[in-house]
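These notebook entries set down what I looked up in one structure.

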Amino acid sequence: MKSSFVSAALFAICVSVAARAADMPVKAPPIPSPLYNWNGFYLGANLGGAWTNGSLNIPGNNLYGGTTEFMAGVQAGYNFQAGHLLLGVEGDFDGATFGRFAIPTPTLGTVQQNWIGTIAGRFGLVEDKWLLYAKLGGGWVHSNAMLNFPGVAWQGSNTSSGWLAGVGVEYGFKPNWTLKLEYDYIGLGSWTSPTTPLLQLNRDLQMVKFGANYKFERGLPDYVAPARTGHSPESSEDEDLAKKSQNPIADLVSVPFQSNTNFNAGPFNRTQEVLNIQPVIPLRINADWNVISRTIMPVVSQPSPFFNNNTNGIGDITQQFFFTPTHPGALIWGRAMADFG
């Protein structure tokens with residue numbers, strides 16, 4: 001009898017514990033973040049540098065050995081995404097400045113690019129917010145040239161077409177905004193002058209461009225941020241922004257411009273101007289780690305040490321990458337991964 005009573009009591013306790021366990025809250029699995037959507041139309045702007053290689057075949061002299069240029073412009077395109085594959089089309093138009101200035105002896109001449117236009121297909125691989133792509137298409141370059149040496153006095157303009165190939169990487173850092181870094185090569189035909197003797201300008205064009213695009217179709221769905229109640233001990237958004245703007249490795253996109261002007265430089269007392277364009281872009285690897293990209297691109301106007309004019313172009317570009325946690329604590333740190341100059 002006693003044994004039956006003890007058994008009944010143990011059974012009742014087990015039932016009670018099981019019932020309480022069933023009523024206990026169960027921690028729900030984390031909701032996975034939605035993948036970035038690359039589909040749709042986009043518009044954007046870009047800036048960067050261009051380099052031409054070639055030679056102007058004047059007997060006994062190589063007048064033209066290349067031009068370094070600053071370029072800026074706009075682009076537009078459309079993307080179609082199928083899983084991890086992306087197909088698209090993109091066109092851009094850039095104004096170019098800073099040509100090769102006159103060389104006084106033994107020849108006199110200038111060569112300058114004015115604008116560059118391209119249209120190409122894009123083929124890419126998508127990994128959430130990252131897009132690695134290649135471009136194939138065509139390009140057009142408008143140039144001016146002037147020759148003035150014994151027996152030849154000529155100036156003219158020319159729009160030349162050629163094939164385009166390029167590669168790039170793009171990152172969706174906001175639902176409607178992406179950033180990209182791109183390298184393009186345009187193979188151009190030779191430009192022959194209508195002079196006697198005939199002179200050929202052999203040309204090609206290399207470009208490195210940094211750009212931002214606005215997507216008309218959102219890359220991420222809308223979400224509602226949790227409302228703050230009462231007086232939160234956390235810093236206000238303005239205070240957080242002020243702190244991030246002073247932190248060189250913060251999770252914040254910024255594009256500072258720094259102008260350095262030096263007067264009375266060189267033997268002709270001309271003005272030297274160095275404009276540093278310094279975009280800082282956080283690139284999210286996963287939920288815990290970021291790579292911070294910091295670029296310094298100097299646009300230089302340098303007085304000539306021999307003639308009363310300035311030579312303009314792009315200086316040495318410095319690229320830095322920092323590896324840093326997404327959610328830092330009281331101590332904010334970053335490790336330099338690479339530094340290219």
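The entries below follow that order.

**Entry 1. Basis and confidence**

I worked from a predicted model, in which local features need pLDDT of at least 70, side-chain atom pairs count only at pLDDT 80 or more, and totals for chains, interfaces and linings use all residues. Residues are numbered from 1 along each chain as its sequence is written, and side-chain values use heavy atoms, with hydrogens and water left out.

I looked up pLDDT, the predictor's confidence in each residue on a scale from 0 to 100. The protein chain averages 77, and 69% of the residues score at least 70.

**Entry 2. Asp94**

I located Asp94 in strand S4 (residues 85-97). Is Asp94 buried or exposed? I used these classes: buried is under 20% relative accessible area, exposed over 50%, and partly exposed in between (1.4 Å probe, protein chains only). Asp94 is buried, because its relative accessible area is 1%.

I then listed the partners of Asp94. A salt bridge (a side-chain nitrogen of Lys or Arg within 4 Å of a carboxyl oxygen of Asp or Glu) joins Asp94 to Lys209, at 3.7 Å from N to O. This pair links strand S4 with strand S10, 115 residues apart. Lys209 counts as buried too, because its relative accessibility is 2%.

I also checked polar contacts (a pair of N or O atoms within 3.5 Å; within protein, one must be able to donate a hydrogen and the other to accept it, and residues adjacent in sequence count only if both atoms are side-chain atoms). The side chain of Asp94 makes one of 3.3 Å with the side chain of Asn46. A polar atom of the Asp94 side chain also lies 3.0 Å from the backbone nitrogen of Gly73.

**Entry 3. Salt bridges around Lys180**

I counted nine salt bridges. Lys180 forms one with Glu90, with the closest N and O atoms 3.1 Å apart. Lys180 lies in strand S8 and Glu90 in strand S4, so this pair ties together parts 90 residues apart in sequence. Glu182 also meets Lys180 in a salt bridge, at 3.3 Å, and both of these residues are buried. Through shared partners, Glu90, Arg122, Lys135, Glu170, Lys180 and Glu182 form one network.

**Entry 4. Nonpolar cores**

I looked up nonpolar cores, which are sets of buried Ala, Val, Leu, Ile, Met, Phe, Trp, Tyr and Cys residues joined through side-chain atoms within 4.5 Å. The largest has 11 residues, including Met71, Ile116, Leu188 and Met207. Strands S5 (109-127), S8 (177-188) and S10 (200-215) each supply at least two of its residues. A second, separate core of eight residues includes Trp154 and Trp191. Met71 touches Asp94, Ile116, Met207 and Lys209, among others.

**Entry 5. Positive phi**

Most residues other than glycine have a negative phi. I noted Asp128, with phi near 60°, in the loop between S5 and strand S6 (130-149). Asp128 counts as partly exposed, at 31% relative accessibility. Asn264 has a positive phi of about 55° and sits in strand S11 (residues 257-265). At 56% relative accessibility, Asn264 counts as exposed.

Conventions:
Helices (H or I, at least four residues) and strands (E, at least two) are DSSP runs, numbered from the N terminus. Contact means heavy atoms within 4.5 Å. Lists of a residue's contacts leave out its neighbours within four places in sequence.
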